[in-house]
Amino acid sequence: MSLMQQRHFEYLADKVAPLLGWPSQIVEMANILCDTNPRFNKEKFLERATAAWEKANPMENIDDEIPY
């Protein structure tokens, strides 16, 4: 079985992570990916994947004013 390489991790961080429902799922994905390559840099992956998720899922402005 061949090891996943950096380009595979970059693709997952850039293309797949933004599709996840919540950013906490990125951590779960990183934990699973740790088993695919002993040289996997979990912190680097989390940083890149989280940035991609935040770019694809911007926070909406919340209008919580109560008009009375």
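**Aromatic rings, pocket and loops**

Colleague: Does R39 count as buried or exposed?
Modeller: R39 counts as exposed, at 78% relative accessibility. Exposed means over 50% relative accessible area, buried under 20% and partly exposed in between, with a 1.4 Å probe and protein chains only.

Colleague: What kind of model is this?
Modeller: This is a predicted model, in which local features need pLDDT of at least 70 and side-chain atom pairs count only at pLDDT 80 or more, while totals for chains, interfaces and linings use all residues. Residues are numbered from 1 along each chain as its sequence is written, and side-chain values use heavy atoms, with hydrogens and water left out.

Colleague: Where does R39 lie?
Modeller: R39 lies in the loop between α2 and α3. Helices are DSSP runs of H or I with at least four residues, strands are runs of E with at least two, and numbering starts from the N terminus.

Colleague: Which parts does the pair of F9 and F40 tie together?
Modeller: F9 belongs to helix α1 (residues 6-16) and F40 to the loop between α2 (24-33) and α3 (42-56), so the pair ties together parts that are 31 residues apart in sequence. Both F9 and F40 are buried.

Colleague: What about F40 and F45, how are their rings placed?
Modeller: The ring centres of F40 and F45 are 5.5 Å apart and the planes stand at 55°, so this pair is tilted. F40 has a relative accessible area of 11% and is buried; F45, at 4%, counts as buried.

Colleague: How much space lies in the largest pocket?
Modeller: About 280 Å³. A pocket is found on a 1 Å grid over the protein atoms alone: it is an open set of points where a 1.4 Å probe fits, with protein on both sides within 12 Å along at least five of seven lines, whereas a cavity is a set from which the probe cannot get out; lining residues have an atom within 4 Å of a point. Grid points are joined across faces, edges and corners, and the volume is the space filled by probe spheres set on the points.

Colleague: Which residues line the largest pocket?
Modeller: Its lining includes F9, F40 and F45, along with N37 and R39. The elements that give two or more residues to this lining are α1 and α3. By type, the lining divides into 4 nonpolar, 4 polar and 4 charged residues. Ala, Val, Leu, Ile, Met, Phe, Trp, Tyr, Cys and Pro count as nonpolar, Asp, Glu, Lys and Arg as charged, and the others, Gly among them, as polar.

Colleague: And N37, buried or exposed?
Modeller: N37 counts as buried, at 11% relative accessibility, and is found in the loop between α2 and α3. A polar atom of the N37 side chain lies 2.8 Å from the backbone nitrogen of R39. Leaving aside neighbours within four places in sequence, N37 is in contact (heavy atoms within 4.5 Å) with L3, M4 and F9.

Colleague: What does the side chain of T36 reach?
Modeller: The T36 side chain reaches the backbone oxygen of L33 at 2.6 Å. T36 is buried at 18% relative accessible area, and lies in the loop between α2 and α3. With neighbours within four places in sequence left aside, T36 is in contact with L3, M4 and F9.

Colleague: Moving on, where does A17 lie?
Modeller: A17 lies in the loop between α1 and α2 and is buried, with a relative accessible area of 0%. The C-alpha atoms of A17 and W53 are separated by 6.0 Å, although the two are 36 residues apart along the chain.

Colleague: What does P18 touch?
Modeller: Not counting residues up to four places away in sequence, P18 touches A13, A52, W53, A56 and N57. P18 counts as buried, at 14% relative accessibility, and sits in the loop between α1 and α2.

Methods:
Rings of Phe, Tyr and Trp (its six-membered ring) pair if their centres lie within 6.5 Å; planes under 30 degrees apart count as stacked, over 60 as edge-to-face and the rest as tilted. A polar contact is a pair of N or O atoms within 3.5 Å; within protein, one must be able to donate a hydrogen and the other to accept it, and residues adjacent in sequence count only if both atoms are side-chain atoms.
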